[in-house]
Amino acid sequence: MAKFVADNFERVIRRGQLRVQFASAGGGEQPVIQTFGDGTGKPVAIRFNDQAAQWKLLLNPEYQAGDLFMHGRIDVLQGSIYDFLAVVLQNTKGLPVYWWMRLLNAIRIATRRLRQRNTLVRSRKNVAHHYDLDGSLYRLFLDSDCQYSCAYFERPGDNLETAQLAKKRHLAAKLALKSGQKVLDIGSGWGGLGLYLAEIGGVDVTGLTLSTEQHQVSNARAHELGLDGQARFKLQDYRATKGPFDRIVSVGMFEHVGIGNFDAYFNTCRDLLEPDGVMILHSIGRMDGPGATNPWIDRYIFPGGYIPALSEVLLAIERAGLKVTDIEILRLHYAETLRAWRERFMARRDEAEALYDEQFCRMWEFYLAASETAFRFQNMMVFQIQLVRDQEALPLTRAYIAEAEEELRRRENGIHRLRLAGE
């Protein structure tokens, strides 16, 4: 049986160099160690700590890779879990998939609506699972503004702080803001984007979150900045919100809506938007068509979540009667964002362990590594869709976006009091 597992590593790993220490059968038997690949690239070594782990990984790798690493049944002896995933995923492109893996994926797709029944109560519970963790955890690896979404790397070499500020500026420019407008931020996080729009954009902002932790931090930041009357953050579901608003922005929230709620989401946004209003939707998406949420991510990281294909989103937008005026695809921007987060987390991993424990740290390390490799090797991307009710709501060409970014940059340089998240 161990030979069958080893033969599958031989089948998959053609490039790179991966050394695998297989678990022994016990009774003093020496473990078998084999090396796979062509010897190029960074050397990576892993160890199976029990024989059952070998079979679990082979039969259901999408779930078991994370579960086995998280529970210490696979250890990385050389390199990191990111390096291991990178070697495997670079080699699996185009390879035929075993019939049982196709069957598991088909079952996940067929049952995804059941797992993503995000009612008002269930949505809040799902958000709390991830976002109501100790706030100190996020400050270990996010930028100073606690932007927990894809950054926008305008130039090679931009650091995380610069790229996250550029993301906020880019979104604000696409909103075509006018002073005094009412803006709704659906999924407002720790308030960074909403405060930017209020302070730099000169608009009135209402932010929505289902996280009690984020709600408290956001309003505290608004108070410290003296923006209480201009930016307020509510612990409220978007489906319970009253409008109308001149602008709507939603960043990193749509992934939590669930496939069965797309129509409700866009119908609600349409009803909340003024007739001449503009909306920007920023979300992770799939390049290779509809699919199913990775089962390990669904269980441990983002229960009830789903990353949509652009085709699924556009159909729901059309059914809602909204008009698409611009789509931008950010391809590797999230890979670079996640690389920065992963490196920052690993540099302060001991602090995370002090907050939680070793198993939590292994879970978080795998989450960041698997997410990064998904954007580098597995057809994940980020899209920004601009929506209107009236196609005359925006200028004729896209030149206004660059012009607005320059104006926003000028205003940023004149204001030196942007605060760190939670301070």
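This is a predicted model: local features need pLDDT of at least 70, side-chain atom pairs count only at pLDDT 80 or more; totals for chains, interfaces and linings use all residues.
**Pro-244 and its loop**

I started at Pro-244, which sits in the loop between strand 7 (231-235) and strand 8 (245-251). For the element names I used DSSP runs numbered from the N terminus: helices are H or I with at least four residues, strands are E with at least two. I then looked at the peptide bond between Gly-243 and Pro-244 and found it cis, with omega about 0 degrees.

Residues are numbered from 1 along each chain as its sequence is written, and side-chain values use heavy atoms, with hydrogens and water left out.

Next I went into strand 8. Is it enclosed or open? Seven of its seven residues are buried, so strand 8 is largely enclosed by the rest of the structure. Buried here means under 20% relative accessible area, exposed means over 50%, and partly exposed is in between (1.4 Å probe, protein chains only).

I checked which strands pair with strand 8, where pairing takes at least two DSSP bridges between the two strands. Strand 5 runs parallel to strand 8 and is joined to it by four bridges. Strand 9 (residues 273-286) also pairs with strand 8 in the parallel sense, over six bridges. Ile-248 turned up in both pairings: Leu-184 stands opposite Ile-248, and Ile-248 stands opposite Met-279 in strand 9.

**Helix 12**

I followed the chain from strand 8 through helix 12 (residues 262-272) to strand 9, and the three make a right-handed β-α-β unit. Right-handed means that, with the strands pointing away from the viewer, the path from the first strand over the helix to the second runs clockwise.

Which residues of helix 12 are buried? I listed Phe-262, Tyr-265, Phe-266, Thr-268, Cys-269 and Leu-272. They cover an arc of only 155 degrees around the axis, so they are on the same side of helix 12. The arc is taken from the directions from the helix axis to the C-beta atoms. I also noted what these buried residues pack against: strand 5, strand 8, strand 9, helix 14 (310-320) and strand 11. Contact is heavy atoms within 4.5 Å.

**Strand 11**

Strand 11 was next on my list. Nine of its nine residues are buried, so strand 11 is largely enclosed by the rest of the structure. I sorted the side chains by direction: Met-380, Val-382, Gln-384, Gln-386 and Val-388 point one way, and Met-381, Phe-383, Ile-385 and Leu-387 the other.

Strand 9 and strand 11 run antiparallel and are joined by nine bridges; Ile-284 has Val-382 as its bridge partner in strand 11. Strand 10 (residues 323-330) pairs with strand 11 in the antiparallel sense too, over seven bridges, and there Val-324 stands opposite Leu-387.

**Helix 17 and the residue after it**

Helix 17 is mostly covered, with 17 of its 20 residues buried.

What caps the N-terminal end of helix 17? I found Asp-357, with a side-chain oxygen 3.3 Å from the backbone nitrogen of Gln-359. A polar contact is a pair of N or O atoms within 3.5 Å; within protein, one must be able to donate a hydrogen and the other to accept it, and residues adjacent in sequence count only if both atoms are side-chain atoms.

Just after helix 17, Asn-379 takes a positive phi of about 65 degrees. Asn-379 lies in the loop between helix 17 (358-377) and strand 11 (380-388) and is partly exposed, at 38% relative accessible area.

**Other spots I looked up**

Ala-176 has a positive phi of about 50 degrees although it is not a glycine. I placed Ala-176 in the loop between helix 9 (160-174) and strand 5 (182-186), and at 18% relative accessibility it counts as buried.

Asp-298, in helix 13 (residues 295-300), is buried at 16%. A polar atom of its side chain lies 3.2 Å from the backbone nitrogen of Gly-304.
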